[in-house]
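These are my notebook entries on a single structure.

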Amino acid sequence: PKDRSRMVSKLQKYTLYETNTKFIVIASNARETLFRKMEIDIAPVNKEKLGIAVDPMVYTRSDIMDVLADLEENSESLGVFEKRVTALGIIGFIRFSDCYYMSVITKRSTVALLGGHYIYHIDATELIPIASSSTYRKPDRNSEEARYLLTLQNLDLSKTFYFSYTYDITNTLQCNIIREKERALDPLSSINYSQSRSEMYIWNHSLMKPAFDAMMDNVFDWCIPVLHGFIDQAKISVLGRSVYLTLIARRSHYFAGARFLKRGVNCQGNVANEVESEQIVSDQITTSFHSPTTGFYNNSRYTSYVQHRGSIPLYWTQDVGNMSPKPPIHLNRIDPFFAAAALHFDNMFKRYGLPILVLNLIKKKEKMARESVLGQELEQCISYLNQFLPKEKKIEHTAWDMSRASKSRDSDVIGFLDTYACDAIKKTGLFHNGKDLKGMSIQTGVVRTNCIDCLDRTNAAQFIIGKRVLGAQLQALGITDTSYLDYDCDAVNLLTEMYHDHGDTIALQYGGSHLVNTMETYRKINQWTSHSRDMIESIRRFYSNSFVDSQRQDAINLFLGNYVFRHGQPMLWDLATDYYLHNDFFGITRVPRRSYRYWWTEANLKSIRETINKFEEEFLDEYDTSYIGNSEAELSLRKYTRLPTAPYPGFFDNFWNENYRARALTSLSNVFAYNINSTLRYIQSPDLFDISPFQTRK
């Protein structure tokens, strides 16, 4: 018999019923064939703790109909039994000064499809008070509770928040595939599902905390991790063959906030405006990540490349009190040992491996020193940290004044960045899935790009690197013979549009306006149009930074749990600054002080490729020695013969029913694959002889 608990672990529909004493949540899988039940106390004994009970039983449709019928029959003794809401996901639970609230997703739209797994954008949410509808009263407009609710509304969850039921969008494709392959080789060494998520990109992690505190051991079965950033997918049509291009930006919730209110680094080594951007190119001959010939997670038609952006990892701020569009920069803490920057780069070693390539685009020469002060301090910081690292593991720092170069007639902005991109790809490589762990191409290291805001110049540089990477990915998949793509071909025009949306979204989240300088500015095309647009966006950014950012920052601090209401403590709006909400100098979450010389973690300097090879060899050696009595020749043959990798016990991938929804009524105009953006729309004339997306249109 099939294991129902495995098949129902991906809950996708939640119906909330209310009785006098509790909320009952009935959740089902995508096909609504299997169901689970959760109960939430409306009036718990301890008001500060959420009362949750999860029924471990998995119900069939007939079973759950019997349960609901019994509840309806007993409605007289229960006092009330009514349906409150039907939701598409539970974001989590939050409490201010009174009762708990449950945040749920009520509307969604499809934005991408990876390996048969849909990724959704949140279009609408609802905040439901966990209280009896007959006794609950809306808070008085002048009460503390009402003000907290109003503050939370300044963070709009229906804009640029994403989730997936069956794909881990908090980790990169490389991380997800390697993790699953290692589990398949050695299931006993694998970590559990909740630990495998990347917590720094789960924006609703604080809202899940009440569920964790209620001793729920399967929180991620019920609460969906939510990502803040940008996700887009488009199709490159190559003579009828579809190549899917996906761009995912993950914004860290550590040290998150608005532009002038969050600068530099905090004492935990987390930087402001930290975003991880991943570019995935897949030739979906087969939909899933699995291969019918080589086995589990061995589909070789997937490639990816990761870039990183983040504020300069120094203690610096800007005072917005004088209403200047370019406030002066202050290095308000001088640390001769650069302890916070050391924590930041050590964490990057852990996440991305080696080498770390720092591309610093801030100004070098100014009439009044602003950005150049930070540039000199960053160079000193990296020089100090590098002197203790082994020669082959040093941080590679490139400082280039992109703003000055773009205004000079003699400098070629595109040419310099194109050359840098080629060298960077050679050093880091890119991820290309293979038939086993050894057969994969791995990205080791990352390009960390920054300017002063990590918005306009940074996005242009990341696009040029992404353009070079796209050529390398298409060549790796055997679609093109060369890695070079012309800037005016359809494929690059599509990529330009995606990176423009990517930059606009990140700029809106951090700076309050769209990009001020776009690729048109740096390529010096449509100069009059782009110049007027840049001026308008500059004014919008100035207005947002001056009048709106403080409200957004309060909402972010409240949603992320940086501020938690406690009786006798100052209210959020009474705090003069949120500095101590993001910098822990009192030892609650403070990282132990490290050596000023040996500032890194030794395990983080190990090569990802060496670690993978060692893992596979140790597993194969252990596997071979279990066959006692076999000859050495037979053992050697078995060791190097690659059989299709089988899934590990407990694994269940329901991508078929996720992608091809049986018994679902739909229309062609609503199908995601039909509406996806494509290079076909760039073809001006149906009589055009060369319809290749790699042919220049200039």
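The entries below follow the order in which I looked things up.

**Entry 1: the model.** I note at the outset that this is a predicted model.

**Entry 2: strand pairs.** I then went through the pairs in turn.
- Strand E1 (residues 13-18) pairs with strand E2 (residues 22-28) in the antiparallel sense, over 6 bridges; Tyr17 stands opposite Ile24 in E2.
- E2 and E3 are also antiparallel, with 7 bridges, and Ser28 faces Phe35 of E3 as its opposite residue.
- E3 and E4 run antiparallel and are joined by 6 bridges; Glu39 has Ala53 in E4 as its bridge partner.

I also checked how covered E3 is: 6 of its 8 residues are buried, so I record the strand as mostly covered.

**Entry 3: the loop between E2 and E3.** The hairpin of E2 and E3 has 5 residues between the strands. I looked up two residues of this loop. Asn29 is located there and counts as buried because its relative accessibility is 9%, under the 20% cut-off. A polar atom of the Asn29 side chain lies 2.9 Å from the backbone nitrogen of Thr33. Glu32 is in the loop as well, and has a positive phi of about 55° although it is not a glycine. At 26% relative accessibility, Glu32 counts as partly exposed.

**Entry 4: further backbone exceptions.** For context, I recall that most residues other than glycine have a negative phi, and that most peptide bonds are trans. Cys454 is another non-glycine residue with a positive phi, of about 60°. Cys454 sits in the loop between strand E19 (446-450) and helix H13 (456-476); its relative accessibility is 0%, so I list it as buried. I also found a cis peptide bond from Leu354 to Pro355, with omega near 0°. Pro355 belongs to the loop between helix H9 (339-352) and strand E16 (356-360).

**Entry 5: nonpolar cores.** Which residues have the most contacts inside the largest nonpolar core? I found Ile395 and Trp599, in a core of 118 residues. This core draws at least three residues from each of domain 1 (1-201 + 209-219) and domain 2 (226-581). Leaving aside neighbours within four places in sequence, the contacts of Ile395 include Phe345, Phe349, Ile356, Val358 and Trp599. A second, separate core has 65 residues, among them Ile42, Leu50, Cys99 and Val104.

**Entry 6: Asn176.** Is Asn176 buried or exposed? I recorded it as buried, because its relative accessible area is 5%. Asn176 is part of helix H5 (residues 173-185), and its side chain makes a polar contact with the side chain of Arg179 at 3.2 Å. Beyond its neighbours within four places in sequence, Asn176 is in contact with Tyr167, Asp168 and Asn171.

Definitions and conventions:
Residues numbered from 1 in each chain as written. Predicted model: local features only at pLDDT ≥ 70, side-chain atom pairs only at ≥ 80, totals over all residues. Heavy atoms only, no water. Pairing = 2+ DSSP bridges. Helix = DSSP H or I, 4+ residues; strand = E, 2+ residues; numbered from the N terminus. Buried < 20%, exposed > 50% of the residue type's maximum accessible area, 1.4 Å probe, protein only. Polar contact = N/O pair within 3.5 Å; in protein donor to acceptor, adjacent residues only side chain to side chain. Contact = heavy atoms within 4.5 Å. Core = buried A, V, L, I, M, F, W, Y, C linked by side-chain atoms within 4.5 Å. Domains from an automatic or database assignment.
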